[in-house]
Amino acid sequence: MKTCTATNCTRPVFGKGYCKCHQSLRTDKKKRKPKKKKPIRPMSKKLSKERVTYRALREEFLSKPENMFCAVYPSIPAEEIHHSRGRGKYLNNVSTWIAVSRIGHIWIHENVLLATERGFIGSRIALVTPLNQE
């Protein structure tokens, strides 16, 4: 049985005269070029398409007369949309939107318990009827 050609190594040869531990000493290996790193996409293609739809729906939603003023502070004009069930899968679901001012939006996120009681924050868990109660 052949032994490794590296100095002071008595292990059996794995390939091209070197053992498994000393394969890095081979001179016949091709040098690999390092791959060019691609930057991570800041937004997925799917989300960017949804955002285009969102912008149009947002403008339409805020221009309606019933959405002109903040739901938290009715004397202040609304300029933002609060997603009561989160943006995730409800991003373009207008039924979960609430027109709010910046101050009202901050109040909702700082006072979660009160906002939940008043209906500004809803559950993100979809209500499903149990199988035995159909």
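Modeller: Of the 134 residues in the protein chain, 25% are buried, where buried means under 20% relative accessible area, exposed means over 50%, and partly exposed covers what lies in between (1.4 Å probe, protein chains only). The model is predicted, and local features need pLDDT of at least 70, side-chain atom pairs count only at pLDDT 80 or more, and totals for chains, interfaces and linings use all residues. Residues are numbered from 1 along each chain as its sequence is written, and side-chain values use heavy atoms, with hydrogens and water left out.

The protein chain has three helices and two strands, where helices (H or I, at least four residues) and strands (E, at least two) are DSSP runs numbered from the N terminus. Along the sequence they follow the pattern α-β-β-α-α.

Now to the aromatic rings. A pair of aromatic rings is described by the distance of the centres and the angle of the planes. The rule used here pairs rings of Phe, Tyr and Trp (its six-membered ring) if their centres lie within 6.5 Å; planes under 30 degrees apart count as stacked, over 60 as edge-to-face and the rest as tilted. That rule gives three aromatic pairs. One of them joins Phe61 and Trp97, an edge-to-face pair with 5.3 Å centre to centre and 90° between the planes. Phe61 sits in helix H1 (residues 45–63) and Trp97 in strand S2 (residues 97–100), so this pair ties together parts that are 36 residues apart in sequence. Both Phe61 and Trp97 are buried. Another edge-to-face pair is formed by Trp107 and Phe120, at 6.4 Å centre to centre, again with 90° between the planes. This pair also links distant parts of the chain, with Trp107 in helix H2 (residues 102–110) and Phe120 in the segment after helix H3 (112–117), 13 residues apart. Trp107 and Phe120 are buried too. Returning to Phe61 and Trp97, these two belong with Tyr54 to one aromatic cluster.

Charged side chains make further links. Side chains of opposite charge can pair when their charged atoms come close. The structure contains three salt bridges, each being a side-chain nitrogen of Lys or Arg within 4 Å of a carboxyl oxygen of Asp or Glu. In one of these, Glu80 meets Arg102, with the closest N and O atoms 3.1 Å apart. Glu80 is in strand S1 (residues 80–83) and Arg102 in helix H2, so the bridge ties together parts that are 22 residues apart in sequence. Glu80 is buried, with a relative accessible area of 17%, while Arg102 is partly exposed at 43%. Glu59 and Arg58 form a salt bridge as well, at 3.5 Å from N to O; Glu59 is exposed at 52% and Arg58 is partly exposed at 23%. Arg26 and Asp28 form another, with the closest N and O atoms 3.0 Å apart, and Asp28 is partly exposed at 42%.

Cysteines come next. A disulfide is a covalent bond between the sulfur atoms of two cysteines. The structure holds zero disulfides, counted as pairs of cysteine sulfur atoms within 2.5 Å. Cys19 is in no disulfide, and the nearest cysteine sulfur, that of Cys4, is 3.7 Å away. Cys19 is buried at 1% relative accessibility, and Cys70 is buried at 3%.

Last, the chain as a whole. The radius of gyration of the protein chain is 31 Å, whereas a compact globule of 134 residues would have one near 14 Å; the radius is taken over C-alpha atoms, and the globule rule is 2.2 Å times the number of residues to the power 0.38. Along the principal axes, the C-alpha atoms fill a box of roughly 90 × 45 × 30 Å.
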